[in-house]
Amino acid sequence: MFDIRKIQEQVIYQAVKDKSNEEVANAIVFGPDEQAKKEDNPAWVKATMERLENQFDHDTVVQIRRNCQCGYGMDEKLTLVEELVAASASLEEFGKLDKANAVGLFSDNGELYLQFPFCPCPMLEGVDRLETDTWCQCTTGYSQVLFEKAFQCQVAVELLKSIKMGDDKCLMKIIPEKDIWK
């Protein structure tokens, strides 16, 4: 059985270390005197994100969190998105496919969106509400990797809504840098 907390500690540690050093990574992931090891997951998530936000500017925080995506189930999702691309002739058509809609993808006014009616993050079970979208940025990183592989071009992902921040759903805008169907 895999330990999601241990995985998150490792990916956050590495992402922070890549932007700073081991000392800063330790301080953010484990807290002063490694007190974070005693925290349950909800308390750890909130405290770790607060330490991260206090250490770095907003853009760096977003970059760090986007690099924290774990890649869980990526191959299966990539196969599905590639299948959807092959079955469509445009972004609109892609976003209107029943299989796309079934997994939360849809197009509106020529733009592609991904939504979830629930928070898909197992680390946020037990977290009632987040004050910022910092934790949720890992899903934008995951989506960016997924769609860049499937679309074979650069993709920007914007987090528009988060259930854990009080919204009715999680919603991201997926923005390919080019028309992949041409």
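Mentor: A residue counts as buried when its relative accessible area is under 20%, as exposed when that area is over 50%, and as partly exposed in between. Please keep in mind that this is a predicted model.

Trainee: How does glutamate 22 count on that scale?

Mentor: Glutamate 22 has 45% relative accessibility, so it counts as partly exposed. Its side chain meets that of lysine 17 in a salt bridge, with 3.8 Å from N to O, and lysine 17 is likewise partly exposed, with a relative accessible area of 29%.

Trainee: How many salt bridges does a search of the whole structure find?

Mentor: The search finds eight salt bridges. One of them joins glutamate 9 to arginine 5, where the closest N and O atoms are 3.0 Å apart.

Trainee: Why might two such residues of a helix face one another?

Mentor: The general idea is that an α-helix has 3.6 residues a turn, so residues three or four places apart point the same way. In this structure, glutamate 9 and arginine 5 lie four residues apart in helix α1, and are therefore separated by about one helical turn. Glutamate 9 is buried, with a relative accessible area of 8%, and arginine 5 is buried too, at 10%. These two residues also belong to a network of salt bridges that links Arg5, Lys6 and Glu9.

Trainee: Which parts of the chain does the pair of lysine 173 and glutamate 111 link?

Mentor: The side chains of lysine 173 and glutamate 111 meet in a salt bridge of 2.8 Å, N to O. This pair links distant parts of the chain, since lysine 173 is in strand β4 and glutamate 111 in strand β2, 62 residues apart. Lysine 173 counts as buried, at 16% relative accessibility, whereas glutamate 111 is partly exposed, with a relative accessible area of 30%.

Trainee: In what order do the strands of the open sheet stand?

Mentor: The open sheet has four strands in the order β1-β2-β4-β3, and their pairing is antiparallel. The edges are held by β1 (105–108) and β3 (155–161), each of which has a single partner strand, so one side of each is left without a neighbour in the sheet. Neighbouring strands of this sheet are turned against each other by 30° on average, direction ignored.

Trainee: How many bridges join β3 to β4?

Mentor: Six bridges join β3 to β4 (residues 170–176), and the two strands run antiparallel. Within this pairing, glutamate 158 has lysine 173 in β4 as its bridge partner. Helix α8 (residues 137–151) packs on the sheet, where it touches β1, β2 (111–116), β3 and β4, and its direction makes about 145° with that of β3.

Trainee: Which residues of helix α2 are buried, and what do they pack against?

Mentor: In helix α2 (residues 22–30) the buried residues are Val24, Ala25, Ile28, Val29 and Phe30, and the buried residues of α2 pack against α1 (4–19) and α3 (41–55). At the start of α2, a side-chain oxygen of asparagine 21 reaches to within 3.0 Å of the backbone nitrogen of glutamate 23, while just after the helix glycine 31 takes a positive phi of about 75°.

Trainee: How many disulfides does the structure hold?

Mentor: A disulfide needs a pair of cysteine sulfur atoms within 2.5 Å, and the structure holds zero disulfides. For cysteine 121, the closest cysteine sulfur is that of cysteine 119, at 5.4 Å, which is too far for a bond. Cysteine 153, for its part, is buried, with a relative accessible area of 8%.

Definitions and conventions. Residues are numbered from 1 along each chain as its sequence is written. This is a predicted model: local features need pLDDT of at least 70, side-chain atom pairs count only at pLDDT 80 or more; totals for chains, interfaces and linings use all residues. Side-chain values use heavy atoms; hydrogens and water are left out. Buried means under 20% relative accessible area, exposed over 50%, partly exposed in between (1.4 Å probe, protein chains only). Two strands pair if DSSP finds at least two bridges between them. Axes are lines fitted to C-alpha atoms, for helices over the stretch in contact, and angles run from 0 to 180 degrees between N-to-C directions. Contact means heavy atoms within 4.5 Å. A polar contact is a pair of N or O atoms within 3.5 Å; within protein, one must be able to donate a hydrogen and the other to accept it, and residues adjacent in sequence count only if both atoms are side-chain atoms. A salt bridge is a side-chain nitrogen of Lys or Arg within 4 Å of a carboxyl oxygen of Asp or Glu.
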